[in-house]
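Please keep the sequence and the coordinates at hand while reading.

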Amino acid sequence: MNQKISWIDCSWLQNQRHNTPLFMIDTQPDVHDFIKEHIPEAVYFNENHFRTFQINQPTHYSPPDCIQSLFRSMGLPSDTPVVVYSGNGGFSGWGDGLEQTMTAYSLARFGVQTIYLLNGGIEAWVQEGYELSKDFPRKERSTVSVSVQHDLFITYHQLLEEKDSSGTLLIDVRPRAVYEGKSLWNKQGHIPGAINLPWRLFFDHNNPRLLRTEEFIRELAEEQNAYPDKQIILYCGTGREATAAFLVFKHLLNYPTVKLYEGSFTEWCSFPENSTVIGPHPY
């Protein structure tokens, strides 16, 4: 599937939302944030709907039929571009910026073809003076079908086969202190061979939904020898932080081969035989 995922600014959304069919999803961290304020005509969908405990993994993606039922319930259409936005949470204050990328990646994973992320989120929308609403739009149940896009991610066994290949660069996008060994997992450090490039560096210091410039991000990647001729495999703790880096590498920098290891460090640590590396070096 030829998917299109890109960032839009607030003025584009304001100009298009009355003239172009768009389905807007508010994914602020708590439903009370949505109740307090949201962009007019947006529906609420919490990112946590996408994953559930399965076998021994606490953050495994839910089965496609479950996701399809949820998509149909909120009225997600089959062929309309989807706008995703989040915020710090006007009620909860819990937002960390990843609600937006986690939801956008997950929509793509289950087959949504065109997705826009609001650059800067609801904070940018408010800052630029656009209206908010407390009204809930009426949406009829849809007939959308989902299709898992297996080319977006890599499984545990595929990771074992590919992570040490000369044509692959494994990137841990967690904070440096966690990468080096300070973490809550039953094993410390990182997967052997992984370099560290924290996802937060790609975004504004004060607004984790606002991208830094493409030039800055590209230079940051290349400083870590992350070039387009490599297969880029991204992971974090549970696969959530890595969605931000995945979207940046694949849909901003347009690297040709980018994969997300969805199981991430949580799955890696669930195998007793797997070692980890503590400290600043890949090995």
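Which residue stands opposite Leu-260 in β12? The residue is Phe-153, which lies in strand β8. The model is a predicted one, in which local features need pLDDT of at least 70, side-chain atom pairs count only at pLDDT 80 or more, and totals for chains, interfaces and linings use all residues. Residues are numbered from 1 along each chain as its sequence is written, and side-chain values use heavy atoms, with hydrogens and water left out. Helices (H or I, at least four residues) and strands (E, at least two) are DSSP runs, numbered from the N terminus.

Phe-153 has a relative accessible area of 10% and is therefore buried; the term means under 20%, with exposed over 50% and partly exposed in between (1.4 Å probe, protein chains only). Leaving aside residues up to four places away in sequence, Phe-153 touches Tyr-105, Arg-109, Val-148, Gln-158, Lys-259, Leu-260 and Glu-262, where contact means heavy atoms within 4.5 Å. Between the C-alpha atoms of Phe-153 and Ala-194, 41 residues apart along the chain, the separation is 17 Å.

Strands of a sheet pair through backbone hydrogen bonds, either parallel or antiparallel. Here five strands form an open sheet with parallel pairing, in the order β8-β12-β11-β9-β10; two strands pair if DSSP finds at least two bridges between them. At the edges are β8 and β10 (195-196), each of which pairs on one side only. The parallel pairing of β8 with strand β12 (residues 258-261) runs over two bridges.

Helix α9 (residues 241-252) packs on this sheet and touches β9 (168-172), β11 (231-235) and β12; the direction of α9 makes about 175 degrees with that of β12. Axes are lines fitted to C-alpha atoms, for helices over the stretch in contact, and angles run from 0 to 180 degrees between N-to-C directions. Glu-214, Ile-217, Arg-218 and Ala-221 of α8 make the contact with Val-248, Phe-249 and Leu-252 of α9.

Aromatic rings supply a further set of contacts. Rings of Phe, Tyr and Trp (its six-membered ring) pair if their centres lie within 6.5 Å; planes under 30 degrees apart count as stacked, over 60 as edge-to-face and the rest as tilted. By this rule there are 17 aromatic pairs. One of them is stacked because the rings of Phe-34 and Phe-136 have centres 5.8 Å apart and planes at 20 degrees. This pair links helix α2 (residues 31-36), which holds Phe-34, to the loop between α5 (121-127) and β8 (153-154), which holds Phe-136, 102 residues apart. Phe-34 is buried at 6% relative accessible area, whereas Phe-136 is exposed at 53%.

Tyr-156 and Phe-271 also stack, because their ring centres are 4.1 Å apart and their planes are at 5 degrees. Tyr-156 belongs to helix α6 (residues 156-162) and Phe-271 to the segment after α10 (264-269), 115 residues apart. Tyr-156 is buried at 6% relative accessibility, while Phe-271 is partly exposed at 25%. Elsewhere, Phe-45, Phe-50, Tyr-61, Phe-71, Tyr-105, Phe-110 and Phe-246 form one aromatic cluster.
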